[in-house]
Amino acid sequence: MKLAVLTPNVTALAQPSADDIANLAERGYRSIIGNRPDGESDDQPAWAELEATAIQQGLEARHIPVVMGQITDEQVAEFRDALETLPKPIAVFCRTGTRAALLWALANQANLTVDERIAIAAKEGYDLEPFRQRLSRETDDAQA
(Lines give C-alpha, C1' and ligand atoms only; values in the text may rest on other atoms or scores of the structure.)
Protein backbone atom coordinates (compact mmCIF):
# COMPACT_ATOMS: atom_id res chain seq x y z
CA MET A 1 0.00 0.00 0.00
CA LYS A 2 1.65 3.19 -1.23
CA LEU A 3 0.72 6.26 0.78
CA ALA A 4 0.95 9.62 -0.98
CA VAL A 5 1.22 12.30 1.71
CA LEU A 6 -0.42 15.46 0.36
CA THR A 7 -0.37 17.33 3.68
CA PRO A 8 0.42 16.25 7.24
CA ASN A 9 -3.30 15.50 7.65
CA VAL A 10 -4.29 14.12 4.22
CA THR A 11 -2.90 11.08 2.44
CA ALA A 12 -4.08 9.68 -0.90
CA LEU A 13 -3.89 6.04 -1.89
CA ALA A 14 -5.16 3.53 -4.41
CA GLN A 15 -8.08 1.23 -3.65
CA PRO A 16 -7.49 -0.32 -0.23
CA SER A 17 -8.64 -3.72 0.95
CA ALA A 18 -10.28 -4.29 4.32
CA ASP A 19 -6.85 -5.38 5.61
CA ASP A 20 -5.38 -2.10 4.35
CA ILE A 21 -8.04 -0.18 6.29
CA ALA A 22 -6.96 -2.00 9.45
CA ASN A 23 -3.35 -1.13 8.61
CA LEU A 24 -4.28 2.55 8.22
CA ALA A 25 -5.82 2.47 11.71
CA GLU A 26 -2.63 0.90 13.08
CA ARG A 27 -0.63 3.72 11.45
CA GLY A 28 -2.72 6.30 13.31
CA TYR A 29 -5.20 7.40 10.67
CA ARG A 30 -8.50 8.45 12.18
CA SER A 31 -10.72 8.78 9.09
CA ILE A 32 -11.14 7.54 5.53
CA ILE A 33 -12.90 9.08 2.55
CA GLY A 34 -13.81 6.78 -0.33
CA ASN A 35 -14.17 8.50 -3.71
CA ARG A 36 -14.85 5.41 -5.80
CA PRO A 37 -18.42 4.55 -6.80
CA ASP A 38 -19.47 1.00 -5.91
CA GLY A 39 -19.45 -1.38 -8.85
CA GLU A 40 -16.82 0.49 -10.83
CA SER A 41 -14.98 -2.81 -11.34
CA ASP A 42 -15.64 -6.43 -10.46
CA ASP A 43 -12.60 -6.72 -8.20
CA GLN A 44 -13.23 -3.76 -5.90
CA PRO A 45 -14.49 -4.23 -2.36
CA ALA A 46 -17.92 -2.76 -1.65
CA TRP A 47 -17.99 0.52 0.26
CA ALA A 48 -20.17 -1.12 2.95
CA GLU A 49 -17.40 -3.66 3.65
CA LEU A 50 -14.72 -0.98 3.88
CA GLU A 51 -16.92 1.25 6.02
CA ALA A 52 -17.70 -1.63 8.41
CA THR A 53 -13.99 -2.40 8.76
CA ALA A 54 -13.21 1.29 9.34
CA ILE A 55 -15.85 1.56 12.06
CA GLN A 56 -14.63 -1.67 13.65
CA GLN A 57 -11.13 -0.16 13.70
CA GLY A 58 -12.38 3.08 15.27
CA LEU A 59 -12.13 5.17 12.11
CA GLU A 60 -14.69 7.65 10.81
CA ALA A 61 -15.73 6.87 7.23
CA ARG A 62 -17.29 9.02 4.53
CA HIS A 63 -18.26 7.95 1.01
CA ILE A 64 -18.13 10.70 -1.63
CA PRO A 65 -18.17 8.75 -4.90
CA VAL A 66 -17.15 10.69 -8.00
CA VAL A 67 -16.58 9.92 -11.67
CA MET A 68 -13.48 11.46 -13.25
CA GLY A 69 -14.45 14.25 -15.61
CA GLN A 70 -17.83 14.65 -13.90
CA ILE A 71 -16.84 16.07 -10.51
CA THR A 72 -19.41 18.65 -9.45
CA ASP A 73 -18.97 21.74 -7.32
CA GLU A 74 -21.29 20.11 -4.77
CA GLN A 75 -19.00 17.08 -4.51
CA VAL A 76 -16.00 19.37 -4.04
CA ALA A 77 -17.86 21.23 -1.27
CA GLU A 78 -18.80 17.91 0.37
CA PHE A 79 -15.17 16.77 0.20
CA ARG A 80 -13.97 20.10 1.64
CA ASP A 81 -16.46 19.77 4.50
CA ALA A 82 -15.22 16.22 5.18
CA LEU A 83 -11.61 17.41 5.28
CA GLU A 84 -12.58 20.15 7.74
CA THR A 85 -14.77 18.06 10.04
CA LEU A 86 -13.44 14.49 10.10
CA PRO A 87 -10.82 13.50 12.68
CA LYS A 88 -7.30 13.75 11.29
CA PRO A 89 -5.20 12.35 9.78
CA ILE A 90 -7.43 11.32 6.87
CA ALA A 91 -6.76 8.75 4.14
CA VAL A 92 -8.55 9.45 0.85
CA PHE A 93 -8.80 6.90 -1.93
CA CYS A 94 -10.21 5.85 -5.29
CA ARG A 95 -9.00 3.28 -7.85
CA THR A 96 -5.51 4.77 -8.29
CA GLY A 97 -5.62 7.76 -5.95
CA THR A 98 -5.79 10.35 -8.75
CA ARG A 99 -9.46 11.32 -8.20
CA ALA A 100 -8.82 11.57 -4.46
CA ALA A 101 -5.77 13.81 -5.07
CA LEU A 102 -7.77 15.91 -7.54
CA LEU A 103 -10.59 16.38 -5.04
CA TRP A 104 -8.03 17.40 -2.43
CA ALA A 105 -6.58 19.95 -4.87
CA LEU A 106 -10.01 21.30 -5.78
CA ALA A 107 -10.97 21.57 -2.11
CA ASN A 108 -7.82 23.52 -1.17
CA GLN A 109 -8.01 26.50 -3.51
CA ALA A 110 -8.15 28.95 -0.59
CA ASN A 111 -5.03 27.53 1.04
CA LEU A 112 -2.62 26.83 -1.82
CA THR A 113 -1.96 28.21 -5.31
CA VAL A 114 -2.68 26.10 -8.38
CA ASP A 115 1.05 25.59 -8.93
CA GLU A 116 1.52 24.48 -5.31
CA ARG A 117 -1.32 21.96 -5.48
CA ILE A 118 -0.10 20.53 -8.79
CA ALA A 119 3.49 20.31 -7.47
CA ILE A 120 2.46 18.56 -4.24
CA ALA A 121 0.43 16.00 -6.17
CA ALA A 122 3.24 15.51 -8.72
CA LYS A 123 5.77 14.89 -5.95
CA GLU A 124 3.52 12.04 -4.79
CA GLY A 125 3.06 10.61 -8.28
CA TYR A 126 -0.23 12.21 -9.39
CA ASP A 127 -0.31 14.30 -12.56
CA LEU A 128 -2.92 17.02 -12.07
CA GLU A 129 -1.56 19.25 -14.84
CA PRO A 130 -4.41 18.21 -17.21
CA PHE A 131 -6.81 19.72 -14.65
CA ARG A 132 -5.03 23.10 -14.37
CA GLN A 133 -7.93 24.99 -15.98
CA ARG A 134 -10.46 23.53 -13.53
CA LEU A 135 -8.11 24.13 -10.61
CA SER A 136 -7.65 27.74 -11.78
CA ARG A 137 -11.39 28.21 -12.15
CA GLU A 138 -11.88 27.04 -8.61
CA THR A 139 -9.28 29.56 -7.44
CA ASP A 140 -10.94 32.37 -9.40
CA ASP A 141 -14.34 31.44 -7.95
CA ALA A 142 -12.95 31.37 -4.41
CA GLN A 143 -11.45 34.84 -4.80
CA ALA A 144 -14.56 36.41 -6.38
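A cavity, on a 1 Å grid over the protein atoms alone, is a set of points where a 1.4 Å probe fits but cannot get out, and its lining residues have an atom within 4 Å of a point. You are looking at a predicted model, in which local features need pLDDT of at least 70, side-chain atom pairs count only at pLDDT 80 or more, and totals for chains, interfaces and linings use all residues. Residues are numbered from 1 along each chain as its sequence is written, and side-chain values use heavy atoms, leaving out hydrogens and water.

**View 1. The largest cavity and the residues around it.** The model has 1 cavity of 30 Å³ or more. To trace its lining, find Gln 15, then Gly 34, Asn 35, Arg 36 and Asp 38, then Gln 44, Pro 45, Trp 47 and Leu 50, and finally His 63 and Phe 93. This lining has 4 nonpolar, 5 polar and 2 charged residues, with Asp, Glu, Lys and Arg as charged, Ala, Val, Leu, Ile, Met, Phe, Trp, Tyr, Cys and Pro as nonpolar, and the others, Gly among them, as polar.

**View 2. The largest pocket, lined by 14 residues.** A pocket is an open set of points with protein on both sides within 12 Å along at least five of seven lines. Here the largest pocket has a volume of about 210 Å³. Leu 83, Glu 84, Ala 107, Asn 108 and Asn 111 lie nearest its centre. Two or more lining residues come from each of helix H3 (73-85) and helix H4 (98-107); H3 gives the most, with 3 residues. By class, the pocket lining has 6 nonpolar, 5 polar and 3 charged residues.

**View 3. An open sheet of 5 strands.** Helices (H or I, at least four residues) and strands (E, at least two) are DSSP runs, numbered from the N terminus; two strands pair if DSSP finds at least two bridges between them. Follow the order S1-S2-S5-S3-S4, where the pairing is mixed. Strand S1 (4-7) and strand S4 (60-63) are the edges, each pairing on one side only. Strands S3 (residues 31-34) and S5 (residues 90-93) are parallel partners over 4 bridges, and Ser 31 has Ile 90 in S5 as its bridge partner.

**View 4. A salt bridge between Asp 81 and Arg 62.** A salt bridge is a side-chain nitrogen of Lys or Arg within 4 Å of a carboxyl oxygen of Asp or Glu, and the model has 8. In this one, N and O are 3.8 Å apart. Asp 81 sits in helix H3 and Arg 62 in strand S4, so the pair ties together parts 19 residues apart in sequence.

**View 5. A cis peptide bond between Lys 88 and Pro 89.** Omega is about 0° for this bond. Look for Pro 89 in the loop between H3 and S5.

Conventions: Points joined across faces, edges and corners; volume = space filled by probe spheres on them.
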